[in-house]
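Here is a short briefing on a single protein chain. Points are grouped by topic.

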Amino acid sequence: MKGLLIKAWRDLTRRPLRSVLTTLGVAIGVAGLVAITSTSQNLVRAQRELFASTSQAHVRLWVWDAPPGVTSFLEADPRIALAELRLTYTTRWRARGPWMDIQLIGVADFSHIKVDRFTLLDGHYPKEGEILLDLSAAQAAGIAVGDEILCRGAQGRERHLRVSGISQSPGYLSSTITKLAIGYVPAPFLRRILGIAGGNQLLIRLVDSRTAQETAKHVVRLLRRQGLTVGTPEIRLPEQFPGKRELDALITIMFLFSAMGIIVSSFLVANTLAAIIGEQISEIGTLKALGATRWQVLTLYLGEAFIYGSLGILPGLPIGALAGWGLLPWVGNLGNARVSFQLAPEGLVLGTLVGLGMPLLGSLWPSWRGASISVREALQSYGIQTDYGQSWVDRQLQRIRKLPPLFAMTIRNLARRKGRSGLTLAVIAIATAAFIGAAATRSSVGTAISGVYATYDADAWIWFPQGMSSQTEKLLLTLPGVRAAEAWAVADGFVQLAEARLWGIPAQSTLYREKLIRGRWYRPGEQEVVVLSADLAANQGIRLGDWVKVQHGGRWRNLRVVGIVVDNTIFLGSTLAGKAFLPRTTLARLLEEQNRYHLFAVGSVERAPRAVDRLISQIEHRFQRWRPSVQPAYAEVESATEAFRLL
């Protein structure tokens, strides 16, 4: 056995360049696998730690003008560990560049933040006329402590705010992805803008996250008994951190390319061993003549593959660890979190197993063929294929007459070692397929983003905190530049067992262009019907014509599925399974808000961003009494495009 191992080592060192390149292929595959596994494991660990250390809320609830005493009332419940009221207001801001979206968060006492804590990186907490800006937004806009920004308030008035400090908020995605900045201001500032004395966001931290669904329903019932207007609770668990869907997609794509690299490396080892065996047929015959068995010859070449794998994992493991260390801060910044690096044992074990296993697997066929050569065949071989010209492929190649002689000879020589040539072509084919696949994916996904958002023909979204009647559509149409306006109902609920977003859209909507793949859209006057998105229907195994249970806040209705549409526009960070589209009045009754709508879709005559911004200013001024929150639709497209660029 010792002699066989010595021979295997000499075979590898006989052609050092070939061995180095093959080993390098194994090392790259192992390094990619270790880096990605370590990054994935560190992100999961870090998010769990951040969820606990920053006391992130398990339940977020929109309320209107809730008094401060409501938190003490809720904390008396043994299931609730902490409760805190804040104010939120989404508006537009700018520094030196174009107008952008920002969510202002009003905090009553920055020294006693109990839930959704954030880190002060530089400066101090804001006072009147100041703002604490999130790090990702400050970096994107090139803003430092002491700079001033312009922010729109009530009635479209612009206010100057000085940046008092820079913070980092793990509870929110980086603004480089969402295109939504996060800024903290004193609560009195937002109370004046909103015209309320209490808060409009309730954050709840639970003793046991497993009681989230039950506790959220209980809190909603209690608040409604107090006469408060309450929205749909948003439940967040440690494993459902912001941006999990997007980061999972990023990690999956990385794993796919890493797996492709490992497969290519196994082909490289197989090709190298095929070449070595082709050069050593006479040596195989000599070994067998001296008494070597088939198993011993097979062990010899499998040992060479094992050495290739061992040499590959030696640099591959540390390179992968270093790559993971460099990749983690970049991926962590997308989640707005600082993540410390820890070497993941899973990555090292997986990298070692794959680094040794794939070369062995790839070498099985050429090694077996080499070990199967008899003494007679080996001693009669002169290094060329004696059966060349007998196969159908050989005969077809010999008929080539019109090519230059050297080129024709080159093509025919490929057929003399069909196995080795096949392996070489397979490696080239996989690499080419990967390159073309990546380029095609980039082009097709970019086109798909435009197509997906073309489904929604609205240019701006208006949210009225206290709701408005459908007659508001007519008021919006009186504004110059408005081509269409529709009241939509929207809420999060359940379809069967899956969490879904429920949309109540007019039957003859001009601002939603459904892309039906089966069935039809609901007709005017229909009530007990629903149209599902394809991903939601597939998730729950629902077919056209089935009756499904649609729930919201403990209330439910049985609706018949009349259509399936393609609609995958889910907000970043969402964990919803898909969408369900109901007649507007049906969803309004389910929400117990007949003829009261919070969301209005608006279409603009001019669709350029500047024209949409001007229209938004008009809407804010015209409806200032109702404190609307108005968002441009083009910001969502920019957000999705930015997330795609990262992938």
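Val 297 sits in helix H10 (residues 294-334); helices here are DSSP runs of H or I with at least four residues, strands are runs of E with at least two, and both are numbered from the N terminus. At 1% relative accessibility, Val 297 counts as buried. Buried means under 20% relative accessible area, exposed means over 50%, and partly exposed lies in between, using a 1.4 Å probe and protein chains only. The model is predicted: local features need pLDDT of at least 70, side-chain atom pairs count only at pLDDT 80 or more, and totals for chains, interfaces and linings use all residues. Residues are numbered from 1 along each chain as its sequence is written, and side-chain values use heavy atoms, with hydrogens and water left out.

- Not counting residues up to four places away in sequence, Val 297 touches Ile 284, Lys 288, Ala 292, Gly 370 and Ala 371; contact means heavy atoms within 4.5 Å.
- Val 297 and Trp 368 are 71 residues apart in sequence, and their C-alpha atoms are 8.7 Å apart.
- Ala 431 belongs to helix H15 (residues 418-454).
- With a relative accessible area of 43%, Ala 431 is partly exposed.

**The chain as a whole**
- The chain holds 20 helices and 20 strands.
- It has 647 residues, and 50% of them count as buried.
- Of the contacts between residues at least 6 apart in sequence, 79% join residues at least 24 apart.
- The accessible surface comes to about 30,200 Å², and carbon and sulfur atoms account for 60% of it. Areas come from the Shrake-Rupley method with a 1.4 Å probe; for residues, only the protein chains shown count as cover.

**Strand E11 and its partners**
- Strand E11 (residues 460-468) has seven of its nine residues buried, so it is largely enclosed by the rest of the structure.
- E11 runs antiparallel to strand E19 (residues 597-604), joined by five bridges. Two strands pair if DSSP finds at least two bridges between them.
- Ala 460 has Val 602 as its bridge partner in E19.
- Four bridges pair E11 with strand E20 (residues 629-632), also in the antiparallel sense.
- Opposite Trp 463 stands Ser 629 of E20.

**Nonpolar cores**
- The largest nonpolar core has 41 residues, and Leu 476, Val 495, Leu 532 and Ile 619 have the most contacts inside it. Strand E12 (residues 482-495) gives the most to this core, with six residues.
- A core is a set of buried Ala, Val, Leu, Ile, Met, Phe, Trp, Tyr and Cys residues joined through side-chain atoms within 4.5 Å.
- Leaving aside neighbours within four places in sequence, Leu 476 contacts Ile 462, Val 482, Ala 485, Phe 600, Val 602, Ile 619 and Phe 623.
- Another core, of 25 residues, lies apart from it; Trp 64, Leu 104, Leu 135 and Ile 149 are among its members.

**Salt bridges**
- The structure holds 22 salt bridges, each a side-chain nitrogen of Lys or Arg within 4 Å of a carboxyl oxygen of Asp or Glu.
- Asp 116 forms one with Arg 60, with the closest N and O atoms 2.5 Å apart. This pair links distant parts of the chain, 56 residues apart: Asp 116 is in the loop between strands E3 (100-107) and E4 (119-123), and Arg 60 is in strand E1 (residues 59-66). Asp 116 and Arg 60 are both buried.
- Asp 613 bridges to Arg 92, with the closest N and O atoms 3.0 Å apart. Asp 613 is in helix H19 (residues 609-622) and Arg 92 in strand E2 (residues 80-94), 521 residues apart. Both residues, Asp 613 and Arg 92, are buried.
- Glu 528 pairs with Arg 557 at 2.7 Å between the closest N and O atoms. Glu 528 lies in the loop between strands E14 (516-519) and E15 (529-533), and Arg 557 in strand E17 (residues 555-565), so the pair ties together parts 29 residues apart in sequence. Glu 528 is partly exposed at 31% relative accessibility, and Arg 557 is partly exposed at 22%.
- A network of salt bridges links Asp 457, Asp 459, Arg 483, Arg 513 and Arg 607.
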